[in-house]
Amino acid sequence: MRKIYNVAVMGATGAVGNCFLRILEERKFPVKNIRLLASERSEGKSLKFAGKLYPVEILTHDSFDGIDIVLASAGASRSLEYLPSAVKAGAVCVDNSNAFRMDGQVPLVVPEVNPEKIKENKGIIANPNCSTIQMVVALWPIHKAAKIKRIVVTTFQSVSGAGQKKIIELREQTKVFLAGKKVKPVEFPYPIAFNLIPQIDVFLENGYTKEEMKIVNETRKIMGDPSIQINATCVRVPVFFAHSESVNIETEKHITAAEARKLLSKAEGVTVIDDPANKSYPMPIDAEGKDDTFVGRIRQDESVKNGLSMWVVSDNIRKGAALNAIQIAEHIIGNA
Ligand SMILES: NC(=O)c1ccc[n+]([C@@H]2O[C@H](COP(=O)([O-])OP(=O)(O)OC[C@H]3O[C@@H](n4cnc5c(N)ncnc54)[C@H](OP(=O)(O)O)[C@@H]3O)[C@@H](O)[C@H]2O)c1
């Protein structure tokens, strides 16, 4: 008989939490019982899973009795506070927050890149930042073939990357703007409708934002190569779902755009859409709701000896969060 598991979703009412429920259903994850956890704000709510309504329970240290797997997406402070209790109760946790990503004891995993790290877990496995995940999925096959020395990335990140309330803010601001009225930002520091904000997360002393340094540090950890030089600029854009990235790399060995295209078209989790003559390239509207990371505009960087530029798009809620975590959970139960 196939083994089935008790699963807890921490942050079940959020953007990522909702997606966890949909993907568990879609991929027929062997769920025996599901426990939906959120804050007091969600008391009395119920959510549908596999055709049945389940009550949302308030997250406490006792929420994990009998739970085998925790899928956590309730923010870093909740992960720091509650995941040790889950581990003590015997659960294995896949954490979407940044609480444990750079902890030397915690594997940081993208299954297309470093699935072998999953077995080193001591109860917690960290899911990387959404922008990091899609970039390493696209770059890993090239790194294996030609060794990447330097990455320059600019991200164009959708509002859903900042949670449910930000999705509502873009929708509401768009209506207000189109009605010719003055937009008053609440969640974002500036209007996001018909604007771009070149700041995601807080600024650090070096002038980069925390989001930008997450890409730098997490990429090195996942690709297992601290020598890769990385420069990131992260921008919030008025798109609801899917992040886009302009990625430029320098490699040790020469690799042509055609060779990179061929490698990527065979790579796990990647779809190449790259036919400029027919105006064919990936866009957020194509990636929304899809599992793959889409790569296009692959071209030689003519300003350096061994360089390539490309455009990488993926659904930040799916591959950037819930799907990657569930793929990790599938490895944990030996179902990958
Ligand atoms: N969105 C993305 O693309 C993305 C990608 C990668 C990683 N992540 C990470 O995933 C996490 C959640 O992101 P999200 O986008 O889903 O945010 P969200 O839509 O704002 O949802 C946050 C969730 O956390 C719960 N929560 C907040 N405070 C809580 C508390 N004190 N106790 C218990 N539950 C609490 C909320 O419950 P209530 O509804 O009751 O408030 C809600 O379920 C964050 O750590 C984020 O960095 C997000």
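A: Happy to. Helix α5 is mostly covered, with 10 of its 14 residues buried. Please keep in mind that this is a predicted model. The buried residues of α5 are Glu211, Glu212, Met213, Lys214, Ile215, Val216, Glu218, Thr219, Ile222 and Met223. Their cover includes α3 (130-146), β8 (148-157) and β9 (229-236).

In its geometry, α5 spans 20 Å from its first C-alpha to its last, close to the 20 Å expected for its 14 residues at 1.5 Å a residue. Just after the helix comes Gly224, which takes a positive phi of about 65°.

Let us stop at one residue of the helix. Lys214 lies in α5 and has a relative accessible area of 14%, so it falls under the 20% cut-off and counts as buried. Not counting residues up to four places away in sequence, Lys214 touches Asn98, Arg101, Asn129, Thr132, Asp201 and Thr219. Take Thr132 from that group: Lys214 and Thr132 are 82 residues apart in sequence, yet their C-alpha atoms are 7.7 Å apart in space.

Asp201 has a positive phi of about 70° although it is not a glycine. With a relative accessibility of 32%, Asp201 counts as partly exposed. Ile200 lies in the loop between α4 and α5 too, but Ile200 is buried, with a relative accessible area of 4%. Leaving aside neighbours within four places in sequence, Ile200 is in contact with Thr209, Lys210 and Glu211, and also with Gln157, Cys234, Val235 and Arg236. Of these, Glu211 is one of the buried residues of α5. For a contrast in distance, Ile200 and Lys122 are 78 residues apart along the chain, and their C-alpha atoms are separated by 31 Å.

The loop between α4 and α5 also holds an aromatic partner. The count of aromatic pairs comes to 3. In one of them, the ring centres of Phe177 and Phe194 are 4.4 Å apart and the planes stand at 25°, so the pair is stacked. This pair links distant parts of the chain, with Phe177 in helix α4 (residues 164-178) and Phe194 in the loop between α4 and α5 (210-223), 17 residues apart. Phe177 has a relative accessibility of 41% and so counts as partly exposed. Another ring, that of Phe188, has the charged end of Lys166 sitting over it, 5.9 Å from the ring centre.

Now back to the cover of α5. Helix α3, part of that cover, also packs against helix α8 (residues 318-332), at an angle of about 85° and with the axes 8 Å apart. That angle makes α3 roughly perpendicular to α8. Where they meet, Cys130, Ile133 and Val137 come from α3, while Lys319, Gly320 and Asn324 come from α8.

Strand β9 is also part of the cover of α5, and the loop between β9 and β10 (243-251) contains Ala242. Ala242 is another residue other than glycine with a positive phi, near 90°. At 1% relative accessibility, Ala242 counts as buried, whereas Asp201 counts as partly exposed.

How values were computed. Residues numbered from 1 in each chain as written. Predicted model: local features only at pLDDT ≥ 70, side-chain atom pairs only at ≥ 80, totals over all residues. Heavy atoms only, no water. Phe/Tyr/Trp six-rings, centres within 6.5 Å; stacked < 30°, edge-to-face > 60°. Helix = DSSP H or I, 4+ residues; strand = E, 2+ residues; numbered from the N terminus. Buried < 20%, exposed > 50% of the residue type's maximum accessible area, 1.4 Å probe, protein only. Lys NZ or Arg CZ within 6 Å of the ring centre and 35° of its normal. Expected span 1.5 Å × (residues − 1). Contact = heavy atoms within 4.5 Å. Axes fitted to C-alpha atoms, helices over the stretch in contact; angles between N-to-C directions. Parallel < 35°, antiparallel > 145°, perpendicular 65-115°, else oblique.
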